[in-house]
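Please open the model in a viewer and keep the selection panel at hand. The stops below say what to select next and what is found there.

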Amino acid sequence: MHSVNLLITGVGGQGVVLASDILAEVALVNGYDVKKTDTLGMAQRGGSVVTNLRIGEKLASPLIGEGETDILLAFEKLEAARWSPYLKQGSVSIVSNQVVPPLTVSLGKENYPSDDDIVRLLQGFGSEVIILDGPQLAWELGNSKVLNVLMLGALSTRLPFPFENWQKVIEERLPTKIVDINIKAFICGKEAILRKAT
Amino acid sequence: MKKLLSGNEAIAYGAYHAGIRVAAAYPGTPSTEILENLARYKDIHAQWSTNEKVAFEVALGACYAGVRTLVSMKHVGLNVAADPFMAASVTGVRGGLVVVSADDPGIHSSQGEQDNRYYAIFAKVPMLEPSDSQEAYDMMPLAFEISERFDTPVMLRSTTRVSHAKTVVDINRERPSKLPEAVFRREMSKFVALPVNARRRQLLALQRMEKLAEYAESCSLNYIIRGSQELGIIASGIAFNYAREIFPEASFLKLGMSYPLPKKLIGCFAQEVKRLIVVEELEPFLEEQIKAMGLTVEGKSFVPRSGELSSGLLRTVAQKNGLLPLTENKPLALLADDLQNLPKRPPLLCPGCPHTGLFFILSSYGLRKGGADGSELGPVITGDIGCYTLAAYPCLSAMDTCACMGAGIGEALGMEKAGLKNKLVAVIGDSTFLHSGITSLLNAVYNKSSITVVVLDNRTTAMTGHQQHPGTGFTAQGEPAMAVDIVALAKSCGVANASEVSAFDIRALRMAVKEAINNPELVVLVVRGDCAAIARKKIEPMFVEQEKCVNCGVCLSLGCAALQKGNQKTQINAQLCNGCTLCQQLCSPQAIKPLHAQEGLNA
């Protein structure tokens with residue numbers, strides 16, 4: 001693996017930072033250089049959040065520029081579309097089928113983009129688009145809070161890290177009582193992507 | 001041992017391994033996690049101080065007592081602490097003193113952008129600038145050695161992308177097992193900044209800077225990376241990494257110690273390369289000093305002077321300036337309109353936030369609307385820094401000013417004394433009130449004011465991630481402590497009308513606000529309710545009984561993210577709802593109920 005630039009996007013409170021922490025640790029365990037930077041502070045309060053995460057042999061900048069992202073992992077559809085200019089030709093976007101309307105949409109002042117609009121933007125910037133029914137899958141597992149780890153499972157199909165290393169980091173990072181459900185979620189996300197591929 | 005650490009975690013690790021005994025700070029993005037991490041070590045004293053000035057004075061005392069000490073703050077925090085900072089430059093130190101200033105280029109979570117590197121010139125102190133977490137960790141012991149050797153505070157300047165980026169760190173040191181005990185050796189000519197002493201020490205500070213400039217020439221933090229002679233780049237801090245990313249072939253002069261400058265080294269480097277540029281974030285701090293040396297150098301002629309720098313931005317401006325070949329982002333030109341049309345998502349007060357009810361009432365209070373000439377007819381609401389500043393956004397639109405920590409009380413008083421006829425309400429958070437509101441309140445009482453001061457008491461420092469303060473009952477290190485009674489504190493400042501009201505009881509809150517605003521005397525109203533981000537998951541969410549909802553939209557005007565307009569009627573997102581019941585209290589058709597009532601309906 002030469003180097004991979006990832007953007008993880010969502011809405012404050014969706015677990016973007018925890019998911020990116022786990023991914024960064026897994027990359028480190030696999031012996032790579034890692035640089036990662038999150039949205040913190042005021043912007044976290046229900047606002048648009050993004051994590052820049054780079055994995056490679058030796059990296060300089062922690063930030064990813066426009067047209068430089070290999071993989072976009074989006075926990076919310078509008079937040080996938082918003083970051084589309086950062087996608088590279090030949091990239092992949094894994095998007096959770098989740099809508100969190102911004103306040104202006106709730107108040108009827110702006111319109112939430114249609115699925116077609118979102119896919120057109122992502123594809124327009126040269127990305128393969130995989131929409132994953134994340135909320136439904138998490139609901140079936142009986143815990144909506146596992147969505148972030150479920151998305152990591154989906155992402156894992158595009159990265160050369162063995163399952164044992166993901167498992168090890170998830171066990172280290174999460175409280176013992178929620179480890180099992182999160183491992184299940186991880187496998188569920190992974191299988192959901194593999195099903196789509198066949 | 002290799003670990004993935006944020007710059008702030010690395011600074012904390014580095015300071016701990018450098019043998020600090022005391023650390024003090026006031027929370028502020030992007031500096032907060034430094035003290036949070038230090039607080040975990042039980043063999044040092046780490047404290048949240050009431051404000052940055054106090055934190056600095058605590059650190060100064062500890063270093064006078066001969067122990068290594070760290071004080072950390074955000075960029076604007078150093079403005080608050082500027083008085084003791086300047087004084088520390090005059091008196092010098094005993095134990096090493098490192099001052100961490102974390103700047104916020106791009107204003108992610110601040111009231112302004114400022115380049116605190118100028119403080120190093122202003123205060124005549126040396127400055128180190130790490131570019132990543134490894135450097136932050138490695139610089140720390142050196143920073144203390146410089147401080148002790150040259151008898152000066154040392155500034156370590158970080159920025160958001162250093163403090164908050166996680167990078168790999170080789171943790172290859174340990175904390176010394178034997179550290180000097182605290183001893184105070186009296187030295188009147190040093191520690192007592194009487195004019196006669198200060199005059200002499202001012203000259204010593206100038207001599208110190210000359211010695212430090214000599215030291216900078218051979219300091220291991222300043223080094224040349226030889227690449228192509230066509231382009232030479234001088235850079236420090238995070239800008240160095242952006243430049244390395246974009247110009248991998250160029251020659252570099254990396255300045256880890258960026259004040260005072262190693263002028264001979266810079267002169268040598270300039271001679272080695274054909275074109276010399278400085279890549280720096282914010283102000284032309286290095287560039288102007290290098291130009292003053294008589295060298296030809298470019299920098300701010302194409303690198304922006306405000307906003308956060310990034311590798312992507314640097315590539316764009318380098319292309320425009322002919323340093324790199326042009327590339328075209330064709331999709332961007334085609335899809336720009338679609339991108340423009342995407343709804344924005346600014347930050348909001350959280351669902352269940354104890355500030356929402358108060359601002360909802362203020363936003364609808366009396367005649368809060370503009371006159372024909374644009375003047376405000378209703379109450380003017382002066383505020384300051386905290387989550388509650390978000391109430392300035394529509395639909396609440398209930399904050400009219402925000403300048404700096406604690407400013408609202410003084411501003412309201414100033415407006416009153418200017419003769420403004422509007423009712424005046426100063427709104428301030430509990431942590432902010434204890435940071436810099438008490439003296440302003442005392443001043444308002446002393447100067448016979450009749451403003452209303454609302455203290456939003458959520459018993460935490462919420463915006464920076466829930467740090468303890470003197471009102472919470474716990475220290476930074478988790479020890480039980482006294483919890484100040486804000487009502488009693490206000491009374492002791494001479495406020496006769498000070499009382500507390502629940503943040504979640506709309507009727508009581510409305511009455512209390514009305515009484516306070518109409519009271520001809522100064523009133524302090526403490527609005528008490530736990531921060532939603534702490535109280536979360538304890539309370540049952542609400543739902544909207546669709547048959548009963550008349551779509552009046554009153555609940556939506558709370559600006560709560562959990563309330564969402566569905567296809568026809570309003571709905572509540574049960575995952576986001578914290579069950580604060582504000583919307584239920586406002587719903588006249590009684591369509592909003594706790595979730596268990598729905599289960600009853602379905603059964």
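Select B:Glu545 first: at a relative accessible area of 11% this residue is buried, where buried means under 20% relative accessible area, exposed over 50% and partly exposed in between, with a 1.4 Å probe and protein chains only. B:Lys593 belongs to strand β23 (residues 592–594) of chain B and B:Glu545 to the loop between β20 (542–544) and β21 (563–565) of chain B, so the pair ties together parts that are 48 residues apart in sequence. Helices (H or I, at least four residues) and strands (E, at least two) are DSSP runs, numbered from the N terminus.

The model is predicted: local features need pLDDT of at least 70, side-chain atom pairs count only at pLDDT 80 or more, and totals for chains, interfaces and linings use all residues. Residues are numbered from 1 along each chain as its sequence is written, chains are lettered from A and ligands numbered from 1 in the order in which they are written, and side-chain values use heavy atoms, with hydrogens and water left out.

Next, select B:Asp103, B:Asp115, B:Arg117, B:Glu129, B:Arg157 and B:Glu280, which salt bridges with shared partners join into one network. Over all chains, the structure holds 42 salt bridges.

B:Thr69 has B:Leu97 as its bridge partner, and B:Ser101 stands opposite B:Arg157 in β7(B).

Proceed to the open sheet of six strands in chain B, which has the order β15-β14-β16-β17-β19-β18 and parallel pairing. Its edge strands are β15 and β18 (497–502), each pairing on one side only. Within the sheet, β16 (residues 424–429) and β17 (residues 452–457) of chain B pair over five bridges, with B:Gly429 partnered by B:Leu456. On β15 (residues 401–402) of chain B, pick B:Cys402, which counts as partly exposed at 34% relative accessibility.

Now move to chain A and select A:Lys36 and A:Asp38, whose side chains meet in a salt bridge (2.9 Å, N to O). Are these two residues buried or exposed? Both A:Lys36 and A:Asp38 are buried. Then select A:Asp117 and A:Arg120, another salt bridge, in which the closest N and O atoms are 3.4 Å apart. These residues are three apart in helix α4 (residues 115–124) of chain A, and are therefore separated by about one helical turn. A:Asp117 is partly exposed at 30% relative accessibility, and A:Arg120 is partly exposed at 39%.

Methods
Pairing = 2+ DSSP bridges. Salt bridge = Lys/Arg side-chain N within 4 Å of Asp/Glu carboxyl O.
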